[in-house]
Amino acid sequence: MRELLVRAASLATVAGLLSTGAWMGYGTVQRWKKGEERGLPVATVKRGDVAFPISAKGSLQGGNSKMLTAPMTGSQQLTLMQLRKPGEMVDEGEVVATFDPTEETYKMREAEADLAEAEQLVAQSGFEAQAKEEELLAELIVARGEVVQAELEARRNPLLAAIVAQQNDLTLQDAREKLAKLEKEYPERKAAARANVAIQEATRTKAKVLAETAKSNIEKMILKAPVKGYVSIESNTNSNFFFPGMTFPPYQVGDTIRPGMGVAQIPDFSSWEASVIITEADRGLLAIGQKAVVRVVAVPQLELKAKVANLGGTTGPPWERRFECKLTLEDRAPELRPGMSARVTISTETMKDVLWVPAQAVFESDSRKFVYVNENGTFVSKDVKLVRRGESQVVVEGLAAGMQVALASPDQKESSTQGKGGAKK
């Protein structure tokens, strides 16, 4: 009897163990179907508002930059003799760069020598003109005296012989004609005497202008900071060759530069800008005035408000077209320094009350866009329509809120699992 009871208890224990194992096996199968046992990540289709920010990396720089350019001196090339270091702080009025003034100094000295000579020639021609005018006046006085003398002789004609009287009349006529000619030519001859003075004065004026211009050019060759700030040196693009992707070094002492080209900028510390490079595909989403957040890498606790201020031209090869976007910072912080790396997030469009899934949940194959939906514990592919794709979220049509979607392909996950099992074998 005792043996029967022990055998019955053993059978009951075995039956309990078998039922427990069967139940655990069923649960394992169900979890495998649901993707839990295989570690397949899932997400839920949600309905709500979705924002589409644009993120980009860039750097900080001072705003309202004042450009310092090489002066227009008439020379083809100017040589840098002195230049501040990039990032060096300068006060208003301090010298930032200077150019070699040798050529302009030579021009100035030559013009000053010409000016001194012209001054002497003007004085000499003035004296000569004055002497000529006095000579002309003397001739005019003599001619008038001769007319008076001839008139007095002619008054005696009634008392003289006919031939003498006739001779007196001819002398009077000649004196009057000579006087009339002198009076008529006097203004022209006087003007001719003064013309040489005018020519010499013009030569003096020209020499004076050349001297003043050369002196002004020498002064312009000293570039001074218009405002307080730091020095940002421009790139030396004065090259005879160029190829795509080529980078240019900043200007340095000894480089030549064409007149009118920028040498350095002095950004204003009272305003800051962030400059970022963005792909051409996102250009249509950006507009002037859009709000943004700037996070400085060196000061991670800072979160600065900003606005889009400028959208530059698109550059780069066809397969990687990009453009520069500048943002004006609305916030200030004493920790900011020019050149600091920053991460910029620009707020663009927000879609209201839409269905969305994580970007990892959408797959593409042969122009087909689909997701893996959990239907009764099994993930099956389902085509969807993409309304808008963002960096982390995708707005879709063709699903319902609350559905579970896989964030990885179940087929790839299963293949990976089988591969690991085979390896174990």
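Author: Let's start with surface: accessible areas come from the Shrake-Rupley method with a 1.4 Å probe, and for residues only the protein chains shown count as cover. Here, the protein exposes about 26400 Å², of which carbon and sulfur atoms supply 53%. Bear in mind that this is a predicted model, where local features need pLDDT of at least 70 and side-chain atom pairs count only at pLDDT 80 or more, while totals for chains, interfaces and linings use all residues. Residues are numbered from 1 along each chain as its sequence is written, and side-chain values use heavy atoms, with hydrogens and water left out.

Reader: What share of the 425 residues is buried?

Author: Buried means under 20% relative accessible area, exposed over 50%, and partly exposed in between (1.4 Å probe, protein chains only). In this protein, buried residues make up 31% of the 425.

Reader: How many helices and strands are there?

Author: Both are DSSP runs numbered from the N terminus: helices are H or I with at least four residues, strands are E with at least two. The protein has 4 helices and 20 strands.

Reader: Let's take strand S19: why is it described as largely enclosed?

Author: Of the 5 residues in S19 (residues 393-397), 4 are buried, so the rest of the structure largely encloses it.

Reader: Which strands pair with S19?

Author: Two strands pair if DSSP finds at least two bridges between them. S14 (residues 341-358) pairs with S19 in the antiparallel sense over 3 bridges, with Trp 356 as the bridge partner of Val 395. S18 (residues 385-389) is also antiparallel to S19, over 4 bridges; there, Arg 389 stands opposite Val 394. A hairpin through 3 residues joins S18 to S19.

Reader: On to aromatics. How many aromatic pairs are there?

Author: Rings of Phe, Tyr and Trp (its six-membered ring) pair if their centres lie within 6.5 Å; planes under 30 degrees apart count as stacked, over 60 as edge-to-face and the rest as tilted. That rule gives 3 aromatic pairs. One of them, Phe 363 with Phe 370, is stacked, at 6.1 Å centre to centre and 25 degrees between the planes. Another, Phe 363 with Tyr 372, is edge-to-face, at 5.3 Å and 65 degrees. Phe 363, Phe 370 and Tyr 372 form one aromatic cluster.

Reader: Which charges lie over ring faces?

Author: A charge sits over a ring if NZ of Lys or CZ of Arg is within 6 Å of the ring centre and within 35 degrees of the ring normal. Arg 368 lies over the face of Phe 370, 4.3 Å from the ring centre. Arg 283 lies over the face of Phe 323, at 4.6 Å.

Reader: Last topic: how many salt bridges does a search of the whole structure find?

Author: A salt bridge is a side-chain nitrogen of Lys or Arg within 4 Å of a carboxyl oxygen of Asp or Glu. The search finds 15. Among them, Glu 183 and Arg 144 have their closest N and O atoms 3.5 Å apart. That pair links distant parts of the chain, with Glu 183 in helix H3 (residues 162-220) and Arg 144 in helix H2 (residues 102-154), 39 residues apart. Glu 183 is partly exposed at 39% relative accessibility, and Arg 144 is partly exposed at 39%.

Reader: Which residues make up a network of salt bridges?

Author: Arg 84, Glu 88 and Glu 94 are linked in one.
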